[in-house]
Amino acid sequence: AAGMAVPVRLPLYIVDAFTDRPFAGNPAAVCLAAKPLDEALMKKIAAEMNLSETAFVTPHEGAFATASRFHLRWFTPTIEVPLCGHATMATAKTIFQECGNTSPELTFSTLSGDLVVRTDGSTLAMDLPLNAPGPEPASAYAAVIAAAVGSLPVIDCALAVKQRKLVVRLADSVTRDDLERLSPDPRALMEADASGKVAGIVVTLRGTAPYDFVSRYFAPWNGIPEDPVTGSAHTVLAPYWQGVLGKSDFTARQCSPRGGDLTVAILNDRVRVAGAATVVLRGELSV
């Protein structure tokens with residue numbers, strides 16, 4: 001009789017975060033489960049989706065349309081991760097838009113504590129911890145910087161120690177086109193810094209209107225040659241650029257091939273990261 005078991009059907013969405021159009025921003029799968037799924041099953045689903053992250057969300061109590069508090073976990077195709085900003089945005093978009101939830105804000109309990117996402121209709125705003133980087137001599141990271149930016153001039157370097165994110169600021173004479181043309185070899189990056197101090201490199205430069213700064217994020221140490229749009233990188237970039245520009249509200253662009261736009265605001269020891277999100281696929285998973 002076990003062979004005759006009726007498959008469980010789970011609503012599944014693919015959402016592009018930090019963009020108002022499909023096929024840009026950072027894609028994540030969102031799986032709605034009325035009750036928590038078995039961890040082995042979540043791993044299988046995430047591997048099948050084969051996106052950088054698949055989010056699994058369950059209401060604390062009640063239904064998706066009415067709850068304001070949810071349990072949320074994130075899986076890459078191989079492992080569970082403790083924090084994923086873009087998949088949280090994708091999950092909130094799904095609950096607000098596809099489930100018709102009218103709460104002004106949603107609270108997600110996660111491995112990184114409670115994450116709150118608010119909406120004003122068109123954009124979603126997420127509260128993340130601030131991760132201020134400290135200054136570092138570029139000479140200490142010469143090999144990995146060269147692997148990332150080649151011969152482009154570098155004028156500053158900073159490291160968020162706990163997050164292991166190295167900020168490399170290019171000279172103001174460098175253009176966004178120059179930044180977009182970079183195509184570092186992931187293996188060369190990993191070989192250039194095997195110290196364990198660096199798990200991601202954020203290449204940034206002063207923006208031109210409407211952007212205060214632009215960036216790209218390479219993290220082959222974490223299995224991500226380039227991340228399309230990275231909420232967590234902006235928890236490091238915002239305090240860095242606050243020190244340079246003397247302001248605490250920013251419009252930013254991440255210049256990956258897919259590209260995405262963020263508005264970022266520093267509020268005490270938190271960073272509010274906001275942007276749009278677009279649902280590109282609605283379906284059902286049979287498991």
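How many residues of strand E2 (residues 26–32) are buried? In this predicted model, seven of the seven residues of E2 are buried, and the strand is mostly covered. In a regular strand the side chains alternate between the two faces of the sheet. In E2, Asn26, Ala28, Val30 and Leu32 point one way, while Pro27, Ala29 and Cys31 point the other way. Both sets are buried.

E2 pairs with two strands described here. Strand E1 (residues 9–17) runs antiparallel to E2, with six bridges between them; Ala17 has Asn26 of E2 as its bridge partner.

## Nonpolar cores

Val57 also belongs to the largest nonpolar core, which has 53 residues. Val57, Phe70, Trp74 and Phe108 are the residues with the most contacts inside this core. Leaving aside residues up to four places away in sequence, Phe108 touches Val57, Phe70, Leu72, Thr88, Thr91, Ala92, Ile95, Gly113, Asp114, Leu115 and Val117. Another core, of 23 residues, lies apart from the largest one; among its members are Val149, Leu170, Leu179 and Cys255.

## Strands E13, E15 and E16

Strand E15 (residues 249–254) pairs with strand E13 (residues 213–219) in parallel, through three bridges. E15 also pairs with strand E16 (residues 260–267), here antiparallel and through six bridges. E15 and E16 make a hairpin with five residues between them, and Gly259 in the turn has a positive phi of about 75 degrees.

Arg253 of E15 takes part in both pairings: Val214 stands opposite Arg253, and Asp261 in E16 is a bridge partner of Arg253. The side chains of Arg253 and Asp261 also form a salt bridge, with the closest N and O atoms 2.8 Å apart. Arg253 counts as buried because its relative accessibility is 17%, under the 20% limit. Asp261 has a relative accessible area of 34% and is therefore partly exposed.

## Salt bridges in and around helices

Side chains of opposite charge can pair when their charged atoms come close. The model has 17 salt bridges. One of them joins Glu39 and Lys43, whose closest N and O atoms are 3.9 Å apart. These two residues are separated by about one helical turn, because they lie four residues apart in helix H1 (residues 39–49). Glu39 is partly exposed at 36% relative accessibility, and Lys43 is partly exposed at 38%. Glu39 and Lys43 are linked with Arg73 and Glu80 in a network of salt bridges.

A further salt bridge connects Arg181 to Asp178, with an N to O distance of 3.0 Å. Both residues lie in helix H4 (residues 176–181), three residues apart, about one turn of the helix. Arg181 is exposed, with a relative accessible area of 60%.

## A nonpolar surface patch

Which residues form a nonpolar patch on the surface? They are Phe23, Val280 and Leu281, with about 290 Å² of accessible area together. Val280 sits in strand E18 (residues 277–286). With a relative accessible area of 32%, Val280 is partly exposed; this value passes the cut-off for patches, which are made of residues with over 30% relative accessible area.

Technical notes. Residues numbered from 1 in each chain as written. Predicted model: local features only at pLDDT ≥ 70, side-chain atom pairs only at ≥ 80, totals over all residues. Heavy atoms only, no water. Patch = residues over 30% accessible without salt bridge, like charges linked within 9 Å, V, L, I, M, F, W, Y side chains within 5 Å. Areas by Shrake-Rupley, 256 points an atom, 1.4 Å probe, with all protein chains shown as cover. Salt bridge = Lys/Arg side-chain N within 4 Å of Asp/Glu carboxyl O. Buried < 20%, exposed > 50% of the residue type's maximum accessible area, 1.4 Å probe, protein only. Core = buried A, V, L, I, M, F, W, Y, C linked by side-chain atoms within 4.5 Å. Contact = heavy atoms within 4.5 Å. Pairing = 2+ DSSP bridges.
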